[in-house]
Amino acid sequence: MSAPSIRPIRTGPIVTDLLSFHDPFDRVSVLLPLPLDAAYDYKADTALALERGDVVEVPLGQRRMIGVVLGPGGDESVPEERLRAVIRRLDTPRLPKTVIDLVDWTAAWTLAPRGAVVRMAISTPSAFEPPVPSVVHTARPEADWIGQARLTPARRRVLSVLADGPALDQKDLTREAGVGPSLIKGMIESGMIEPHTVAPAPPFAVPDGTRDGPVLTGEQRVAAAALAGRVTADAFSVTAVDGITGSGKTEVYFEAIAAALAAGKQALVLLPEIALSAEWLERFEDRFGVEPAVWHSDLKPRVRRETWRAVAEGTVRVLVGARSALFLPFTELGLIVVDEEHESAYKQEDGVAYHARDMAVVRARLEGIPIALVSATPSLETVENVRQGRYGAVHLTARPGSATLPEVALIDLRRHGPERGTFLSPPLVAAIQRTLDEGEQAMLFLNRRGYAPLTLCRSCGHRLECPNCTAWLVEHRLLGRLVCHHCGFSGRLPKRCPSCEAEDSFVASGPGVERLAEEVLTRFPDARFQLASSDTLTGPDKAAEFVRAVRAREIDIVIGTQVVAKGHNFPWLTLVGVVDADLGLAGGDLRASERTYQLLHQVAGRAGRAERPGRVLLQTHAPETPVMQALAAGDRDAFLDSEIQQRKAAGMPPYGRLAGIVISAPDAERADAAARTVARAAPRLNGVDILGPAPAPITMLRGRHRRRLLVKTGRQVNIQQVLRDWLSPIKLETSVRLQVDVDPYSFM
Ligand code: ADP
Ligand code: ZN
């Protein structure tokens with residue numbers, strides 16, 4: 001910064017403004033990570049040479065904030081003399097143009113304020129400071145300082161610590177010698193010890209794409225070559241990698257990653273549940289010799305900072321991450337892979353309601369690069385895009401080697417129901433027994449955490465509900481508590497029924513995995529079983545230990561929720577019993593059948609992955625439904641056809657557009673009043689149907705009363721424009737919240 005031409009005559013905060021108020025300056029537009037759509041104009045010293053994507057610190061009211069320069073300022077309504085000045089440009093690579101374009105795109109698509117979206121792109125403020133080099137200390141020869149410095153007992157301790165061990169940084173040195181930092185400083189000044197700056201170790205090794213993977217089968221080779229060809233073509237394309245579980249989809253996209261590495265490009269792999277992917281990381285390391293960089297919400301701050309910077313600087317070549325990795329500042333991206341692309345976990349429900357798969361396709365288009373959407377059960381959206389020729393596809397139809405697909409059979413609970421108070425039907429019990437007799441493993445799948453989903457009073461029928469939500473409390477017997485799965489409320493089982501005062505009258509209704517474990521213990525007392533849910537596999541270490549124990553055959557029966565549905569290869573697991581196959585169909589939202597098919601198909605894929613053939617038994621009350629029939633027959637196309645028929649007939653996505661509007665308020669009156677205001681302003685347009693307002697299925701959530709509207713339009717209608725025209729003029733009370741969800745996945 002050049003010297004100011006105005007000499008400061010006063011002290012105090014105003015001086016900063018005077019200092020930076022000199023000609024010439026640039027007027028720049030800065031987007032701040034606040035729930036606002038607008039960017040603000042600031043002035044900046046021309047010497048800063050600010051450009052789109054630069055990260056800057058600016059004043060806002062009494063605060064200082066970090067924001068992103070969008071370009072030259074354009075808000076002429078703010079006169080020059082009222083403009084405040086950019087405080088500084090942060091020492092960090094600028095955000096690539098594609099990331100800023102992606103922010104704009106995501107905001108326009110989801111109707112979220114741009115500031116809320118940019119917040120996801122600059123969620124790691126510490127990454128914007130230059131990395132702090134670590135400083136270590138060594139002792140200087142006594143001859144250098146003897147006679148000039150005093151040797152106190154404390155100083156002696158420091159020297160002896162350094163004499164016995166390696167060079168230490170200040171933190172370790174003060175701790176080990178039991179001295180304060182000022183003593184260290186004094187010793188440096190008097191030449192007794194010497195500080196050395198050490199460059200931080202390069203944290204991200206480069207994956208080696210030239211190592212050999214397994215010898216691919218014929219169809220794998222074809223698929224891998226097609227995908228790698230797309231990488232070398234270096235242009236936007238979408239390819240569905242559609243192959244049965246265990247057919248080698250991962251091996252195939254590893255080949256594409258190798259192609260990206262060979263072309264000097266970065267690769268991004270999105271996974272739905274990073275926490276459980278220890279196995280994925282291991283496979284990556286086997287193939288490429290090093291671990292990839294990882295990105296998810298639980299990263300330690302230091303790792304987060306280093307990773308962000310290394311992505312921007314290009315030292316990270318391959319990164320695997322959860323959905324938020326999509327907003328990382330890759331500058332040489334050459335490939336995006338979305339694994340398990342059908343997973344609804346890619347849809348973020350809170351804050352910016354975006355679908356990471358869809359926005360990943362947008363980023364690939366902005367980058368002009370290929371993207372692969374990988375699944376054994378592709379989403380209907382992807383299937384339709386392939387059928388219409390908008391997306392390409394590669395297919396994998398066989399499991400390599402001798403591994404076969406499991407045989408799936410239905411157990412009709414109307415005819416073979418379990419005994420009262422139990423949940424395993426006689427045919428399933430018999431199958432488990434046979435499996436154990438063979439020395440093999442069984443898995444019981446029930447997508448319900450806890451002991452029982454409902455607790456009710458035997459004498460009056462009162463049901464225990466969450467005080468903050470329209471939801472039953474779920475008993476977690478291992479914790480000794482009743483828990484709300486929506487807001488986290490928890491309490492003890494009351495001694496007396498709050499409704500009829502009867503004592504000890506509560507009974508559990510329906511099974512959760514804990515209750516199932518009780519039944520397993522009674523029926524198979526000698527079997528070693530393990531509960532696997534988000535309550536028991538609470539982190540990557542526990543999950544890895546679980547996988548190891550199953551592989552080592554230290555467990556005979558796994559009782560699991562959806563955390564066991566994905567990805568693991570358990571060679572001795574030959575039986576999967578689905579306790580309540582109809583569970584996901586209840587509630588009947590748009591994608592209930594699709595999701596049930598995907599989940600159960602995936603669970604079924606756990607059985608018989610190696611040489612031993614697998615068997616899958618689905619307990620159902622509705623064996624005649626297309627989902628159950630398709631699962632039993634292994635006929636995915638039949639299921640897709642019936643599902644497509646229904647969606648087309650109803651004009652539902654992907655054959656029409658939907659948006660949900662949720663209005664919530666601290667009390668029912670205000671929620672109703674706001675819902676009426678919104679409904680009254682609703683447009684009357686051809687091809688636009690508006691349903692509601694009505695109380696949301698979860699009428700109360702975390703103490704807020706909720707009303708819902710659903711907007712349904714034809715495919716050609718610009719639903720975002722309809723919503724903007726309708727909603728932006730509406731002013732609601734500050735206690736009322738209005739959330740828009742374009743293409744909703746949750747209808748609760
Ligand atoms: P998917 O991703 O389709 O479920 P994977 O890529 O995980 O399938 O492959 C399933 C298992 O088969 C893995 O253990 C993998 O290493 C192995 N596998 C896949 N292809 C081959 C091959 N050509 N040769 C040997 N093993 C293979
Ligand atoms: Zn609750």
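How far is an oxygen atom of ligand 1 from an N or O atom in the side chain of Glu-251? The answer is 3.0 Å. Please keep in mind that this is a predicted model.

I will stay with the ligand for a moment. Ligand 1 is surrounded by 17 residues, and the closest are Gln-220, Gly-246, Lys-249, Thr-250 and Arg-283. For Gly-246, the backbone is involved: one of its N or O atoms lies 2.8 Å from an oxygen atom of the ligand. Ser-247 also has a polar backbone atom to mention, 3.2 Å from an oxygen atom of ligand 1. With Glu-251, by contrast, the atom in question belongs to the side chain.

Now the domains. The protein is divided into domain 1 (25-122), domain 2 (134-198), domain 3 (218-396), domain 4 (450-510) and domain 5 (657-742). I will discuss domain 1 and domain 3.

Their centres, taken over C-alpha atoms, are separated by 29 Å. On the domain 1 side, 18 residues are in contact with 20 residues of domain 3. The size of an interface is often given as the accessible area lost when the parts come together. For these two domains, the buried area is about 1,700 Å², with 76% of it on carbon and sulfur atoms.

What about polar links? Between domain 1 and domain 3 there are 0 salt bridges, and 2 residue pairs are in polar contact.

Which elements of domain 1 give two or more residues to the side that touches domain 3? They are α2 (97-110) and α3 (114-121). The largest share, 8 residues, comes from α2. By type, the residues on this side of domain 1 divide into 12 nonpolar, 4 polar and 2 charged.

Terms used: Residues numbered from 1 in each chain as written. Chains lettered and ligands numbered in written order. Predicted model: local features only at pLDDT ≥ 70, side-chain atom pairs only at ≥ 80, totals over all residues. Heavy atoms only, no water. Domains from an automatic or database assignment. Contact = heavy atoms within 4.5 Å. Buried area = accessible area lost by both parts, 1.4 Å probe. Salt bridge = Lys/Arg side-chain N within 4 Å of Asp/Glu carboxyl O. Polar contact = N/O pair within 3.5 Å; in protein donor to acceptor, adjacent residues only side chain to side chain. Helix = DSSP H or I, 4+ residues; strand = E, 2+ residues; numbered from the N terminus. Nonpolar A, V, L, I, M, F, W, Y, C, P; charged D, E, K, R; others polar. Near = heavy atom within 4 Å.
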